[in-house]
Amino acid sequence: MNVKPVVENFATSGKCGTMRRMQPVVIVQHPLAQCHLAAIRAVGTPSHDFRRHLNHLARMLFLEATSDLPVREISVQTPLKQTHGSQLARPLVCVPILRAGLGLLDGILPLVPDAVVAHVGIRRNEETALPHAYYANLPANLSAADVFILDPMLATGGSACEAARQLKEAGALRITMICVVSCPEGLAAMKLAHPDVAIVTAAIDAGLNDKCYIVPGLGDAGDRYFGT
Ligand code: PRP
Ligand code: URA
């Protein structure tokens, strides 16, 4: 996949992904990903097309985010012969941040139908832009899993930082954040609070406006996805 590491001390994954990358931020620059991004940014894109493009883009981001997962070798009997195959070595947990993070699930789950889906409900206070956590449903075995936080937007980083905090408190050791649009403020907040969390994104935008919305961004991701 066409990716660009943007952190100077980016470390590539080890053989079969046995080593996790250290605090990388990866921008997926595949031309198709960037076309889907342009479509969901466009103000005239209706919800049904927004959902369709977001599904495709989420899948491409997830493919990159999982590209260094360790696998174990298994034996496979084809109709003709015994051969080797691969199986993920660890369970995989997807954690959409409600609401808008749900918009990334449809593109991802068909690739990993066995994945556990945990939920974290976090809503920004409209006045202060501070995160308000209102719901969590997390599985017990997080320490054994590869955990993927899903949220289209990384703005101030407050919501993502709170989600990562909750997941670590529940035992998660390997966390990757998948976000469609990020910005320097959100990336800095995550690097400060959770330097061990990898981030995969389709864009690092210029910054935040006075209402803490990403500019140019795509507007309110939840409202656009759900048509509210
Ligand atoms: C949006 C978005 C992120 C958060 C990002 O959710 O989906 O969760 O804002 O902003 P931050 O980085 O400054 O925390 P919102 O709070 O609007 O809730 P919603 O998904 O229910 O619309
Ligand atoms: N939440 C959104 O949905 N969009 C932004 O630009 C910032 C936070």
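Modeller: Ala, Val, Leu, Ile, Met, Phe, Trp, Tyr, Cys and Pro count as nonpolar, Asp, Glu, Lys and Arg as charged, and the others, Gly among them, as polar. This is a predicted model: local features need pLDDT of at least 70, side-chain atom pairs count only at pLDDT 80 or more, and totals for chains, interfaces and linings use all residues. Residues are numbered from 1 along each chain as its sequence is written, chains are lettered from A and ligands numbered from 1 in the order written, and side-chain values use heavy atoms, without hydrogens and water.

Colleague: Nice, so how does the shell around ligand 2 divide?

Modeller: Into six nonpolar, one polar and two charged residues. Arg 124, Met 153, Ala 155, Cys 212, Tyr 213, Ile 214, Gly 219, Asp 220 and Ala 221 surround the ligand, each with a heavy atom within 4 Å of it.

Colleague: What makes the approach of Ile 214 to ligand 2 a polar contact?

Modeller: The cut-off is a pair of N or O atoms within 3.5 Å. A polar backbone atom of Ile 214 is 2.8 Å from an oxygen of ligand 2, so this pair qualifies. Ala 221 also places a polar backbone atom 2.8 Å from a ligand oxygen, while a backbone N or O of Gly 219 lies 2.8 Å from a ligand nitrogen. Alone, ligand 2 exposes 240 Å², and the protein buries 89% of that (Shrake-Rupley, 1.4 Å probe).

Colleague: How do you know that Cys 179 is in no disulfide?

Modeller: A disulfide needs two cysteine sulfurs within 2.5 Å, and a search of the whole structure finds zero. For Cys 179, the nearest cysteine sulfur, that of Cys 183, is 8.9 Å away.

Colleague: Why is Cys 179 called buried?

Modeller: Because its relative accessible area is 0%, and buried means under 20% (exposed is over 50%, partly exposed in between; 1.4 Å probe, protein chains only). Cys 161, at 15%, is buried too.

Notes: Polar contact = N/O pair within 3.5 Å; in protein donor to acceptor, adjacent residues only side chain to side chain.
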